[in-house]
Amino acid sequence: MQVKEKILQKIQPINCRHFIDGQYADSINLKTFDNINPATEEVMGQVAEGGKEEVDLAVAAARKALKGPWKDLSARERSSILRKIGDLILDRVEELATLESMDTGKPYQMALEIDIPRAAYNFHFFADYLTSMGTEAYQQDQAALHYSIRRPVGVVGMINPWNLPLLLLTWKLAPCLAAGNTAVMKPAEWTPMSATVLAEICKEAGVPDGVINLVHGFGPDSAGSAITEHPDVDAVTFTGETKTGSAIMKAAAPTLKKLSYELGGKNPNIIFADSDLDEVIETTLKSSFMNQGEVCLCGSRIYVERPVYDEFLEKFVAETNKLQVGDPFEEGTKVGAVISKEHYTRVNGYIELAKEEGGKILTGGTRPEGVDKGFYILPTIISGLGPHARCVKEEIFGPVVTVLPFDTEEEVIEQANDTHYGLGTTIWTNDLRRAHRVAHQIEVGIIWVNTWYLRDLRTPFGGMKQSGIGREGGMHSFDFYSELSNITIKL
């Protein structure tokens, strides 16, 4: 029996219900919507469609839980619960990876090896971090002692994306719980299954009823809007598209909610001629096409110094053509299906636009041969576009990259910064001085030199310009999920 058959025989899709005050629940009006597998276009099950009434119940439960046993737990007790959540995620790694792959269309192996273990590590990391952090204290000569204390910010609304559903949800939920808050979560409507299982895991780990709540549904004029507008939600954290972030900010303005955003990116991948091209191409394949290019950190704008431009393109195209595209559960698949028919149409629209703008499709740009079902797009490399082409400037969020030559350091820095986005960049060079010099001039929040996607969870994570507000990671996460009070004692 093949690996695929073994997995799918053992683990089946689930219907997704809300999780409110420690219990799974249907929508009040019993309304549901279809959950569609992007790799097969088949309906896998039904998802409860929530709105204002369900959000009201969830927020009330979260507000009540703030004053319940959750507030009296010591830091060590909360740490123990967080660690247990991480352990239980690992106990169910195969199940969660299967559901994640079914929901997103991503390769099962990626979910198994990256997404789910990282979700568990998010809880393990903040379980440890919680017990080691301190606060400031200052003695003002012999006059006074000043010290600060942290307290929970309150009820946190979490609106999560569809590309890395469990990984990014746990990246928010772990520090939120570590800081003593309660949460109302809304997973993306396209990827509801792993969040639904996570609610059960949290309860099994000892999270009191009402501390975490989950409402499925849509964004505008639905569950998402109800969370962002709710007067008893104290903070909102959102990962997703920039226009949605702007709408959330507008909705949250009347109640002056605390906001944390990680938004879109159009990230430059800058390759200097002195770099090791074999190493560059190995990593650039990942930074271009991992998760079907549906990662906000993907390096979709590739700039190559002219002396190695032709050589890079030849090798990059050749290696891209070796990537196995297709069924997420087939062994060896590196690129699966994009998330939905709507997104499939959008990405293909950009490929057609690139042709209109004078671009040359070096490889890809079509469906894989012989694949009639599923939202599959071959990894696509485009050359010949100018620096101001829409396909170079706008976020495509699919397996599509543009490659442009450059002649000088000053030229590539100017082009890299010529965008409304400012999330991440990768710089490839063996010149240490150049690496520092260029890194200091690129206007982004995350800069990698001779690597990509390498994270230490203690470091600040977030974007500049229209790529985000605030930072996550280590103490930066606690700064968002807690309020600081300063106490002065006169001596």
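Here is a short chat about a few spots in a predicted model.

Tutor: Residues are numbered from 1 along each chain as its sequence is written.

Student: Is T196 buried or exposed?

Tutor: T196 sits in helix α7 (residues 193–205); helices are DSSP runs of H or I, at least four residues, and strands are runs of E, at least two, numbered from the N terminus. Buried means under 20% relative accessible area, exposed over 50%, and partly exposed in between, with a 1.4 Å probe and protein chains only. T196 has 4% relative accessibility, so T196 is buried.

Student: And K64, buried or exposed?

Tutor: K64 belongs to helix α2 (residues 52–66). Its relative accessible area is 64%, so K64 is exposed.

Student: What separates the C-alpha atoms of T196 and C16?

Tutor: Along the chain, T196 and C16 are 180 residues apart.

Student: What separates the C-alpha atoms of K64 and T363?

Tutor: This pair is 299 residues apart along the chain. The C-alpha atoms of K64 and T363 are separated by 56 Å.

Student: Where is L491, and is L491 buried or exposed?

Tutor: Look at the segment after β22 (482–490), and you'll find L491 there. Its relative accessibility is 55%, so L491 counts as exposed.

Terms used
Predicted model: local features only at pLDDT ≥ 70, side-chain atom pairs only at ≥ 80, totals over all residues. Heavy atoms only, no water.
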